[in-house]
Amino acid sequence: MGCSIRIIDKKNALDPYDNPNYIWSPRSLQLLQAFDLTSMLVERGQRHWRLETYTNKGYGSNAITTDRRNHNVWENEATEFSWSLSCECDRVCRAMIDTLQQRGVEIQYNHELVDLENDPTSATASIRTPTASYDWKSQIVLGADGGNSLVRQKLGIAYERSRKSSAVFYTVEATVSTNFPSARSMSSVTKDENTLFIVGHRNNKMYISFEHRPKWSRLTIDDDVPLILAQKHIKSVLDPYQIEFTQVHAYRRWSANERVCEEYAIDRKYFLAGGSAQTVSPEGLLGSDLGLEQVHNLCWKIALVLKHRGSPQLLDTYADECQSKWADTISASNALIHLFTCKTPTSGTGLNSTPDRELGYQLHRNKHGLIGETPYHANLVNVDTTSTISFNSHNSSDTIQAAAAATMRAQCKVHPGSPGTLAQNSKLKPYTLFSLLVSPSSKTPSPPSSTKNTSTDERPPRSRSSKRRWRSRSNSASGASRFLVPFLGSITKRHYDIPFTSTTTSNSVQPSSLADRWRMIKTTHYRLVDRMLSGSFSFTLLVFAGSIAERENLALLQRFRRHLEEPHSFYKRYEKLHYPFGYRVTEQHQQLQRSSSSSSSTQHRDSHGWRDTIRSSRSSTTTTSSSAASFFRFSASLFPSPPTSPVSSSAGRSSFDQPRPSLDTFTYRRAHSTCSTTTPATSSTINNNNDKGALFSFLYITTSTRTEVTKFLSDTKPSIVHATFPFGLDTVYLDHDRDCHTTYRAATLPATNNHRPTIVVVRPDGYISARVELHNDTDFERLDQYFDSFLRPPIDMTSAAAMAADFYEL
């Protein structure tokens with residue numbers, strides 16, 4: 001995050017006796033996968049593919065199972081996980097602690113927070129250790145210290161009880177010996193009015209939860225149920241299946257009481273998450289998912305604000321989104337509690353209603369909550385459509401549309417691919433335009449996870465005439481063949497394949513196990529979420545280009561590229577010129593400034609003030625010199641100057657007046673970064689920003705077939721190809737049977753089934769935040785308005801003057 005982090009815990013270490021079992025939803029597994037924790041936890045936990053329900057009847061020799069059903073409550077298209085994972089608390093905590101230590105963050109045990117004071121610019125925490133006490137100042141305080149949170153109490157935030165239930169539940173954690181068919185699965189067993197909720201685990205371990213009812217215990221509701229009586233009750237409900245308790249590890253009592261705090265954030269400085277913000281029942285099923293989602297939601301927003309790349313108003317959306325997630329989580333919690341108690345909220349109200357049908361309906365209705373992909377409500381970041389709602393408009397029709405969208409969300413009628421929902425993991429063809437350009441007449445290489453390409457598209461012609469026709473077309477462009485032929489030749493010889501990063505060898509490796517063989521015969525296609533940028537703080541713009549055979553689509557894409565080059569576009573302001581918001585000049589940059597100013601720049605005064613004019617050399621320059629040149633272009637933009645093209649390397653010259661290489665130079669620069677330190681001098685300012693340090697990344701998706709793409713690359717001038725896809729052809733993917741365009745509801749052209757270019761913005765946490773249908777230049781301006789609403793920092797001339805003085809060492 002670019003800042004120091006301090007984590008304190010008043011405990012001595014992890015408590016081995018308090019070790020509940022946590023159920024991690026597919027969404028939580030997706031978040032943990034970003035830190036390479038999922039595979040580690042899978043080795044230590046148990047996967048659950050479905051929820052099984054049993055209905056038993058009778059006792060002794062007359063006991064039978066009358067009904068058994070499977071509910072695929074974790075099956076989804078938004079994540080790569082269609083199962084949940086159960087794992088003990090200590091194993092999860094140890095894996096997270098190891099990951100934090102690898103990133104230089106350590107947890108300080110035996111450090112207890114005793115007081116918290118608010119300062120105008122920071123918060124002062126009084127911390128006590130066994131040997132001493134000290135104060136610590138911090139810009140951000142995150143309270144995740146459980147239900148008795150001292151942070152919440154010091155802030156004076158009430159802890160409301162949203163639901164108070166008189167029901168009492170018990171959980172037995174034991175190693176057992178049983179013939180129950182779902183001993184390692186998640187299931188519920190019902191007999192008469194009693195229900196057992198069973199979570200199977202490794203090494204014959206089971207977590208069995210049940211409701212205490214005086215009818216079978218012969219005790220009052222306030223009395224504690226002895227362990228022997230609880231074991232007898234479990235055997236009675238599970239009959240006709242037998243179970244023997246080898247060893248009991250834990251026996252806990254809990255109640256289904258949900259509590260939530262009134263406020264999640266105060267003064268954009270204090271935040272609450274996890275158990276300090278809410279309590280969710282059943283224990284360990286939904287609360288861990290909600291807490292992990294809250295922390296991830298807060299971290300990327302804090303990172304953008306602290307890096308001065310986002311407005312402080314961005315932090316205000318945290319409380320709104322926590323409340324929306326809480327409401328959906330409570331709905332899923334109610335469904336699980338009714339499963340525990342063998343009751344349904346609408347039992348017997350329907351004409352053909354039965355408890356089993358009502359249970360299936362409740363599980364299906366709250367499936368998004370169990371998966372962890374419940375949508376966010378509309379706010380500053382999540383807008384329903386930037387084509388119909390103006391951000392600064394007070395029109396009543398806009399308000400009506402926003403209210404209608406909010407009503408649909410409340411009725412759970414949100415469609416996948418809409419703003420506020422989790423980005424769907426749709427299918428893509430296993431190649432990009434770049435791989436088709438490198439070997440247009442050879443067999444397309446398959447992705448690393450497969451051995452055979454099962455694409456049904458027609459392959460491009462293998463005749464030599466197509467190659468000669470493509471080369472003659474490239475030679476017609478000014479200076480194109482000088483860049484294209486040597487680069488393609490070197491890429492072919494050195495086997496540099498951008499889409500497929502795995503190293504290939506001549507010796508085939510035989511699969512060592514059945515699981516390895518299964519991995520090698522997976523379907524040959526890419527997944528959209530896997531192709532997105534893996535950085536933690538980047539917005540991904542999915543450009544659904546439709547068919548590139550449509551001239552109208554190409555014109556819109558080229559206009560979008562020209563808009564990105566304009567100084568007032570969101571890309572120029574927040575990606576290229578973000579240095580004024582917190583940039584610090586290092587000694588290395590000062591040396592680059594002195595060396596570059598003496599060799600490649602001249603300073604002169606004009607009617608608009610001082611300005612540095614960078615005269616680019618025609619010889620190749622190193623990557624360091626290129627970064628220095630872009631740094632000085634930034635310093636020139638601090639002062640007013642006549643409007644010039646941001647792509648031009650000399651003042652007063654348009655980017656389209658210069659000869660452009662046949663493909664994006666930065667694509668080749670990235671491909672040859674390991675073998676060469678020199679780069680061509682002629683390049684566009686719009687480079688491929690799909691790296692971890694970029695604020696924006698772009699992915700283009702087209703519905704054109706492989707034959708249409710090959711014809712487009714061979715018949716189109718390279719300059720036009722570059723103007724259409726400025727971020728490189730390795731970022732342009734082919735849609736798999738229009739799966740992506742359909743899932744993300746890309747706009748269609750009138751009276752046709754062809755899709756119009758549509759831009760979908762995906763937040764750093766994987767949720768869709770905006771959707772723009774491209775019609776004219778007004779839509780590009782609305783996209784700028786959208787990012788201005790939460791990325792533009794507040795203007796403070798005093799701090800700006802101090803920053804300029806610090807920059808020039810005044």
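In this predicted model, helix α1 passes helix α7 in a left-handed crossing. The two helices, α1 at residues 26–33 and α7 at residues 287–306, pack with their axes 10 Å apart and at an angle of about 45°.

**Where α1 meets α7**
- From α1, the residues in the contact are Arg27, Ser28, Leu31 and Leu32.
- On the α7 side, they meet Asp289, Leu292, Glu293 and His296.
- Sorted by class, the residues of this contact are 3 nonpolar, 2 polar and 3 charged.

**Another helix pair: α17 and α25**
- Helix α17 covers residues 551–565 and helix α25 covers residues 777–791; their axes come within 10 Å and cross at roughly 45°.
- These two helices are therefore oblique to each other.
- The crossing of α17 and α25 is right-handed.
- Leu556, Arg559, Phe560 and His563 of α17 meet Asp777, Phe780, Leu783 and Asp784 of α25.
- This contact has 4 nonpolar, 1 polar and 3 charged residues.

**The protein as a whole**
- Zooming out, you will find 26 helices and 32 strands.
- The protein has 810 residues, and 49% of them count as buried.
- Of the contacts between residues at least 6 apart in sequence, 75% join residues at least 24 apart.
- The protein exposes about 39300 Å², with carbon and sulfur atoms supplying 50% of that area.

Conventions. Residues numbered from 1 in each chain as written. Predicted model: local features only at pLDDT ≥ 70, side-chain atom pairs only at ≥ 80, totals over all residues. Heavy atoms only, no water. Axes fitted to C-alpha atoms, helices over the stretch in contact; angles between N-to-C directions. Helix = DSSP H or I, 4+ residues; strand = E, 2+ residues; numbered from the N terminus. Left-handed = near helix turned anticlockwise from the far one by under 90°. Contact = heavy atoms within 4.5 Å. Nonpolar A, V, L, I, M, F, W, Y, C, P; charged D, E, K, R; others polar. Buried < 20%, exposed > 50% of the residue type's maximum accessible area, 1.4 Å probe, protein only. Areas by Shrake-Rupley, 256 points an atom, 1.4 Å probe, with all protein chains shown as cover. Parallel < 35°, antiparallel > 145°, perpendicular 65-115°, else oblique.
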